[in-house]
Amino acid sequence: MAKEIQYNTKHHEALIAYLKTIPGQHVTINDICAHFTGGTQKMGVATIYRQMERLVQEGLVQKYIIDEKSSACFEYIGDNSSAEKNCFHCKCEGCGKLIHLACEEIEHMQSHFLKDHNFTLDTTRTVFYGLCADCRNGGNA
């Protein structure tokens, strides 16, 4: 079977350009739609879904599915395929905010799980639940 040829369309390039402006941030399809709705270049929802899945397959974007209640979120990692290796998340049970977490202490815990328990964490799905500062201080709780 012949390998499918992928072309870099204007939508593909526009998505990459947008994602490069927000490195290390998570965005949902709705966030991306809002960006392109307000801009000069229009892009339909189906096109965004299709292009984001393509970017995931190409290894330029990491897709995170936190739970069945939340929308998938995406992070541009570019050519840095190791970026997702130590990515953890905190999800606020009060407001639903998703916090991207890179922490050496948690990396030590990940090493401990592997060394002492022969268990590898899937960091793309590792989520810690609790309350963000705003909710703890009465802002959203």
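1. A handy definition to start: a residue is buried when its relative accessible area is under 20%, exposed when over 50%, and partly exposed in between (1.4 Å probe, protein chains only). Phe119 has 45% relative accessibility, so Phe119 counts as partly exposed.

2. Please keep in mind that this is a predicted model, where local features need pLDDT of at least 70 and side-chain atom pairs count only at pLDDT 80 or more, while totals for chains, interfaces and linings use all residues. Residues are numbered from 1 along each chain as its sequence is written, and side-chain values use heavy atoms, leaving out hydrogens and water.

3. Now for the aromatic rings. Rings of Phe, Tyr and Trp (its six-membered ring) pair if their centres lie within 6.5 Å; planes under 30 degrees apart are stacked, over 60 edge-to-face, and the rest tilted. By this rule there are 3 aromatic pairs. In one of them, the ring centres of Tyr18 and Phe36 are 5.9 Å apart and the planes stand at 70°, so this pair is edge-to-face. Tyr18 lies in helix 1 (residues 10-20) and Phe36 in helix 2, 18 residues apart, so the pair links distant parts of the chain. Helices here are DSSP runs (H or I, at least four residues), numbered from the N terminus. Both Tyr18 and Phe36 are buried.

4. Phe113 and Phe119 also form an aromatic pair, a tilted one, with 6.4 Å centre to centre and 50° between the planes. Phe113 is partly exposed, at a relative accessible area of 26%.

5. Finally, look at where helix 2 meets helix 3. Ile29, Ile32 and Cys33 in helix 2 contact (heavy atoms within 4.5 Å) Val45, Ile48, Tyr49 and Met52 in helix 3.

Key
Helices (H or I, at least four residues) and strands (E, at least two) are DSSP runs, numbered from the N terminus.
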